Amino acid sequence: MKIIDIAYSGNGVAKENGKVVFVPQTDIGEEVDVEIVKTTSKFDIGKISEIEKASPFRVIPPCPYYGKCGGCDFQHLTYERELELKRHILQNELKKINFSGEIDVEKSEKVYNYRNKIKLTYKNGELGYISNLTHDFVAVDSCMLAEKNILLALKVVREFLSKNHFQYLKNVAFRSYQNGVMIIFLFSQKEKFVYDEVLNSYPVVIAVGEILESDKTKVVKIYNNTDMKYRLMGEEFDIDAKSFLQVNKDMAEKLYKFVLNNIGEQVVINAYSGQGVLSKILSKKAKKVVGIEMQKSSHLIAEKIKSPNMLNVNAKVEDVIGKFATDVDAVVLDPAREGCKSEVLSEIIKANIKKIIYISCNFSTLVRDLKSLTKFYKIDKVKIFDMFPKTANLEVCLILEKF
Ligand SMILES: C[S@@+](CC[C@H](N)C(=O)[O-])C[C@H]1O[C@@H](n2cnc3c(N)ncnc32)[C@H](O)[C@@H]1O
């Protein structure tokens, strides 16, 4: 089969008898022999059995789990080629709203070992990832995307888990901060945690709940509690187990600088504001910043770093944006993968806010939201911030101006 395009999942696209076949770990222009591993009514999924004509951008994937754990999509290509493909993928998506303008790309300095957070699944006494390709559990003893200090902590946890078995342990997550790594054990229900000295050089958080970044999850105990701080663009703030934080620190700084450069000395709404870091950065230039965040733990961190011209609102954006939208010059939208509720967009349009800075990590909801917004706004700038190298995930920031 000839690979004719690349899908937003990062998989190559081929066609056989008119039916689409997705082939992971390929490049546009390659010719490959394919074994079909899954068939659905709309498409098939194939696996390379032989490469007949290889891309000149192919490299040997450095990770032994590549293609198995499902975390990475572009280890088989040079980084420059990966960025070209990411631009192409975004171009394809934005064609759906008739955008054919320029797309800028900010590359990451670190292509591996950039993640300040990883979350592993615990199964049968082992830690691993659930493959998004096969949904199988794949045990791993390392991960090339994680920061190196996290990998040292992972080694310690693996040793600990080889001696202690837990029935209700779901996940073990790692978050790095200024001077160390926090280890988080997430249990689906309460279970006795046997503390072991092997863990004593790390803060250890015991939480009970379904998902980690949720107000419903309860932190029940913290061992070796230290002052855990994170520093970003000269700002220092608390770090906790549950709040959202961009995973690639260097790229987060580049993204926030870009947002800062695109606002004036104005009144700004920072919707989906998380721990308030971006609000704090913007508050140095803007007249007033209103941050809106629904998660309590994130809101509390934002309250601690608040400057006098910052207002933090602990609510759902869709419930309160109408109240704060009058006399606002710009709004920053940085929603989770679900994108914005339609009420959020209609309130912004109704309030006649001149500029929207939309940060997205999910194409399908971005394109859905842009379909409404581009009736009233023109797209001025589009920039990819390569927050997640070697994976097909994309972080993109758009500047929209009212017609
Ligand atoms: C992608 S994160 C962005 C956080 C922040 N802008 C940053 O750069 O760290 C999305 C945030 O939106 C919050 N969130 C999700 N849905 C929300 C809603 N409907 N209303 C308010 N906040 C929401 C999440 O808790 C999370 O903190």
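Ala302 lies in helix α5 of this predicted model. With 27 other C-beta atoms within 10 Å, Ala302 is buried, since 20 or more such atoms are needed for that class. Leaving aside neighbours within four places in sequence, Ala302 is in contact with Ser273, Gln275, Gly276, Ser279, Gly291, Glu293 and Asn312.

Asn309 lies in the loop between α5 (296-304) and β18 (310-314). Asn309 is partly exposed, with 15 other C-beta atoms within 10 Å. Apart from residues up to four places away in sequence, Asn309 touches Ser283, Lys287, Lys288 and Val289. For the pair Asn309 and Val289, which stand 20 residues apart along the chain, the C-alpha separation is 6.4 Å.

**Ligand shell**

The ligand has 20 residues around it, and those that come nearest are Phe244, Tyr272, Gly274, Met294 and Asp334. By class, the shell consists of 10 nonpolar, six polar and four charged residues.

**Nonpolar cores**

The largest nonpolar core has 59 residues, and Ile269, Val331 and Ile356 have the most contacts inside it. Beyond its neighbours within four places in sequence, Ile269 is in contact with Val290, Ile292, Ile321, Phe324, Ala325, Val328, Val331 and Val332. A second, separate core has 37 residues, including Tyr114, Met144, Ile183 and Phe187.

**Domains and overall form**

The domain assignment divides the protein into domain 1 (1-56), domain 2 (117-231) and domain 3 (248-402). Between domain 1 and domain 3, the C-alpha centres lie 37 Å apart.

The protein contains eight helices and 22 strands. Its radius of gyration is 22 Å, close to the 22 Å that the globule rule gives for 403 residues, so the protein is as compact as a globular protein of that length. Taken along the principal axes, the C-alpha atoms fill a box of roughly 60 × 60 × 35 Å. Of the 403 residues, 40% are buried. Among contacts with a separation of 6 or more, 54% are between residues 24 or more positions apart.

Lys86 is placed in helix α1 (residues 79-94). With 25 C-beta neighbours inside 10 Å, Lys86 counts as buried. Not counting residues up to four places away in sequence, Lys86 touches Val105, Ile384, Asp386 and Leu394. Tyr8 is 78 residues from Lys86 along the chain, and the C-alpha atoms of the two are separated by 8.2 Å.

Pro61 lies in the loop between β5 (43-53) and α1. Pro61 counts as partly exposed, with 17 C-beta neighbours inside 10 Å. Tyr66, Gln75 and His76 are the residues that Pro61 touches, leaving out those up to four places away in sequence. The C-alpha atoms of Pro61 and Val37 are separated by 22 Å, and the two residues are 24 apart along the chain.

The C-alpha separations given for individual residue pairs are listed below.

| Pair | Separation along the chain | C-alpha separation |
|---|---|---|
| Asn309 and Val289 | 20 residues | 6.4 Å |
| Lys86 and Tyr8 | 78 residues | 8.2 Å |
| Pro61 and Val37 | 24 residues | 22 Å |

**Positive phi angles**

Gln25 is not a glycine, yet has a positive phi of about 60°. Its place is in the loop between β3 (19-23) and β4 (31-39). Gln25 is buried, with 22 other C-beta atoms within 10 Å.

Asn113, also a residue other than glycine, has a positive phi near 55°. Asn113 is found in the loop between β6 (104-106) and β7 (117-123). With 14 other C-beta atoms within 10 Å, Asn113 is partly exposed.

Definitions and conventions
Residues are numbered from 1 along each chain as its sequence is written. This is a predicted model: local features need pLDDT of at least 70, side-chain atom pairs count only at pLDDT 80 or more; totals for chains, interfaces and linings use all residues. A nonpolar core is a set of buried Ala, Val, Leu, Ile, Met, Phe, Trp, Tyr and Cys residues joined through C-beta atoms within 7 Å. A residue is buried if 20 or more other C-beta atoms lie within 10 Å of its own, exposed if 12 or fewer, and partly exposed in between; C-beta atoms are placed from the backbone. Two residues are in contact if their C-beta atoms, placed from the backbone, lie within 7 Å. Domain bounds come from an automatic or database domain assignment. A residue is near a molecule or strand if its C-beta atom, placed from the backbone, lies within 6 Å of it. Ala, Val, Leu, Ile, Met, Phe, Trp, Tyr, Cys and Pro count as nonpolar, Asp, Glu, Lys and Arg as charged, and the others, Gly among them, as polar. Helices (H or I, at least four residues) and strands (E, at least two) are DSSP runs, numbered from the N terminus. The radius of gyration is taken over C-alpha atoms; the globule rule is 2.2 Å times the number of residues to the power 0.38.
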